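Work through the exercises below with the model open beside you. Each task is followed by a solution in steps.

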2 protein chains.
Amino acid sequence: MVTIRDVAGQSGFSVTTVSMVLNAGPASSRISARTRTRIWKVAKQLGYRPNLYARSLRSRRSHTLGVVVFDLTDPYCTQILRGIQNHLRPSGLFPIVTDLLDDGSQFHPCLDMLLGRRVEGIITIANPLYLDRKLLSEFSERNIPAVVIGRELADVPVSSVVVDNAAGTRQAIQHLYDLGHSRIAFIKGPKILVDSLQRWQGLESFAEEVGIRLDPKLILEIKGRNSTYREGYELAEELIRQRSDFTALVAFDDLTACAAIRALTKAGLQVPKDCSVVGFDDVPGSAFYNPPLTTVHQQLELQGSLGAEMIEDLIRAAAENRPVEPKHRKVSPKLVVRDSTCPARSS
Amino acid sequence: MVTIRDVAGQSGFSVTTVSMVLNAGPASSRISARTRTRIWKVAKQLGYRPNLYARSLRSRRSHTLGVVVFDLTDPYCTQILRGIQNHLRPSGLFPIVTDLLDDGSQFHPCLDMLLGRRVEGIITIANPLYLDRKLLSEFSERNIPAVVIGRELADVPVSSVVVDNAAGTRQAIQHLYDLGHSRIAFIKGPKILVDSLQRWQGLESFAEEVGIRLDPKLILEIKGRNSTYREGYELAEELIRQRSDFTALVAFDDLTACAAIRALTKAGLQVPKDCSVVGFDDVPGSAFYNPPLTTVHQQLELQGSLGAEMIEDLIRAAAENRPVEPKHRKVSPKLVVRDSTCPARSS
DNA sequence: TTCCTCTAGTAAAACGATACACCGCAACAA
DNA sequence: TTGTTGCGGTGTATCGTTTTACTAGAGGAA
């Protein structure tokens with residue numbers, strides 16, 4: 001491997017000069033143009049590539065950001081990641097992503113790895129099943145700039161980005177209401193997720209405002225720790241079995257919505273003609289579903305880039321030794337109307 | 001940040017001893033047990049975390065592997081990535097993934113970044129649109145252990161992992177044949193992809209063997225550079241418009257298959273009753289589609305772990321200065337039968 | 001002349017680890 | 001006594017950069 005010393009020797013200048021020139025910083029303006037072009041030429045010709053380890057070691061800056069995702073195969077994570085990357089690209093901060101492989105016990109090893117690499121900050125994509133107060137408070141204790149995406153913990157001083165769940169479900173039910181639906185079934189999310197409660201509150205408050213009656217028999221709840229296709233399917237079957245003639249269904253998320261659509265189809269009901277279905281998340285596949293799913297778009301990319309922006313601020317603040325309060329941002333979701341909803345059949 | 005010197009000072013031993021103990025290598029057996037536990041205790045108490053930059057700089061080993069993916073939001077990439085990670089976890093090699101964000105011009109910047117980080121090898125997940133001979137031959141020129149997943153280039157000395165496309169489509173059409181289908185429509189992949197040709201050859205050879213007649217009017221081809229939902233949908237519509245009463249459809253990939261199913265459904269045809277549909281890839285969403293898709297499972301995770309295994313071998317070989325021939329592995333895909341296929345209606 | 005400033009660079013000390021050669025001492029054999 | 005071996009470590013150079021402080025020489029002013 002060719003080092004800066006090789007470039008220095010070959011060009012006839014000192015390593016200091018070479019370093020100044022190649023870093024193109026303000027210091028390099030003190031070097032004559034002739035010298036500069038000469039050094040650049042030699043560097044290119046030798047195929048010189050600075051060793052980032054040596055650089056970071058000396059300069060005490062890694063220009064690196066840790067990102068912890070709970071499952072890299074989950075589109076939820078990858079879309080947020082995309083937002084982070086897009087935002088970071090021009091900033092010279094490189095994201096190092098670690099994947100928990102859906103296994104919470106990997107959190108500490110991953111953190112160790114990132115801290116060993118001297119990341120300047122950490123973004124965590126929250127999985128509420130793994131991410132508890134204790135883990136998060138480590139960040140503030142160690143004084144590491146950190147942002148959590150997907151969850152807000154009031155009592156832990158860590159910045160966060162979350163979606164406004166209630167606003168999302170309000171849009172969903174508003175849409176159904178506008179289409180003339182009044183007998184609406186619901187599949188609520190698991191109790192342990194705060195999202196479940198927030199989404200439900202959005203639905204409930206709107207229903208109350210406009211006077212939609214919520215029939216307890218039409219409200220089922222996911223019992224597992226997270227939503228699965230299997231359980232969504234079974235809950236939808238249960239609703240159908242009850243034969244309570246609902247004309248629309250609001251599912252906790254897209255996965256559940258797709259499962260419900262499948263169950264309805266299997267039962268001989270057409271979506272949306274016999275029953276409209278609304279999801280939540282707008283995962284990439286939802287636009288291609290049969291039928292394309294009307295759902296609440298979470299703006300995951302935006303959440304990612306907001307998170308990246310926040311961590312940049314935190315890092316800047318830390319570099320300038322400036323104290324900074326944790327910030328909490330909430331993004332507004334947007335309903336995307338596709339083909340899984342239509343006007344209620346007039347009974 | 002606490003350094004090894006702090007641990008040495010605090011424990012009363014030299015940095016050398018601390019280093020040997022904490023690395024727990026064979027050298028540490030020469031140190032007494034009392035000393036070892038003492039040093040471990042101090043290290044833990046101080047929260048010592050070795051600086052990987054310093055370590056790599058001195059030891060000239062980064063224990064790091066570069067992975068270039070063309071689009072991190074594509075399940076094709078993330079599943080392969082999962083396989084790589086699972087294989088690498090115990091080996092102490094850490095994958096640094098860079099995302100081209102579906103933009104071929106990012107390849108060189110990414111490569112530079114990885115080489116600057118002194119990765120010991122590189123795995124590229126091939127996107128045939130970006131990845132050409134020139135880029136790949138850089139690896140062998142620079143003598144960097146490299147593996148390409150998803151494409152095999154005979155004339156470039158780079159190891160590769162690919163799927164046996166023809167074997168996959170043979171299984172698909174065999175399945176339809178066994179169900180009694182003989183009028184089968186096809187949507188072929190784009191010409192620029194080798195996969196398209198290989199998959200087609202598998203279909204053609206089987207059809208010839210068992211005497212299925214291939215009607216040119218039932219064979220359409222994707223004109224774009226890669227498959228899209230839009231084009232799949234339109235091609236399926238075109239097939240339907242022709243009214244040639246096919247009872248089954250083999251799509252180039254799952255995306256196309258889903259688009260076709262949607263088009264069939266919109267046209268009032270039921271899948272699979274009126275028309276069976278088979279895809280290729282088995283992306284995660286396919287199992288949840290409406291109806292769940294019969295498709296050819298590519299074993300992407302396996303491809304990833306095979307790639308990881310190969311790169312490990314290459315790195316080992318390079319470390320021992322042992323020359324090694326590029327290897328090419330082909331994984332056998334497996335048909336997964338779900339609900340988008342059923343026996344042909346007897347006409 | 002002497003002093004100062006500016007230009008265009010250079011020398012040497014870090015950064016935090018690992019690698020390599022070495023060392024003092026005890027035990028034991030010749 | 002002398003030499004050898006094993007045990008339990010230690011001292012110092014080194015990895016490839018950046019940073020800080022410094023310098024030789026030119027030019028101009030007093």
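**Exercise 1.** Find which residues of α1(B) meet which residues of α2(B), and classify them.

Step 1. From α1(B) come Ile4(B), Arg5(B), Val7(B), Ala8(B) and Ser11(B); from α2(B) come Val15(B), Val18(B) and Ser19(B). Contact means that the C-beta atoms, placed from the backbone, lie within 7 Å. Helices (H or I, at least four residues) and strands (E, at least two) are DSSP runs, numbered from the N terminus.

Step 2. Sorted by class, this contact has five nonpolar, two polar and one charged residues. Ala, Val, Leu, Ile, Met, Phe, Trp, Tyr, Cys and Pro count as nonpolar, Asp, Glu, Lys and Arg as charged, and the others, Gly among them, as polar.

Step 3. The model is predicted: local features need pLDDT of at least 70, side-chain atom pairs count only at pLDDT 80 or more, and totals for chains, interfaces and linings use all residues. Residues are numbered from 1 along each chain as its sequence is written, while chains are lettered from A and ligands numbered from 1 in the order in which they are written.

**Exercise 2.** State how α1(B) and α2(B) are oriented to each other.

Step 1. The axes of α1(B) (residues 4-11) and α2(B) are 9 Å apart, at an angle of about 105°. Axes are lines fitted to C-alpha atoms, for helices over the stretch in contact, and angles run from 0 to 180 degrees between N-to-C directions.

Step 2. The two helices α1(B) and α2(B) are therefore roughly perpendicular, a term for angles of 65 to 115 degrees.

**Exercise 3.** Describe the surface near DNA strand D.

Step 1. DNA strand D is surrounded by 26 residues, with Ile4(A), Ser19(A), Ala54(A), Thr17(B) and Ser32(B) the closest. A residue is near if its C-beta atom, placed from the backbone, lies within 6 Å.

Step 2. Elements giving two or more residues are α1 (4-11), α2 (15-23) and α4 (52-59) of chain A, and α2 (15-23) and α4 of chain B. The most, five residues, come from α4(A).

Step 3. By class, the surface near DNA strand D has ten nonpolar, eleven polar and five charged residues.

**Exercise 4.** Describe the side of chain B that touches chain A.

Step 1. Chain B and chain A each put 38 residues into the contact.

Step 2. Among the elements of chain B that supply at least two residues are β2 (94-99) and α11 (254-266). The largest share, six residues, belongs to α5(B).

Step 3. This side of chain B comprises 21 nonpolar, ten polar and seven charged residues.

Notes. Two residues are in contact if their C-beta atoms, placed from the backbone, lie within 7 Å. Angles under 35 degrees count as roughly parallel, over 145 as roughly antiparallel, 65 to 115 as roughly perpendicular and the rest as oblique.
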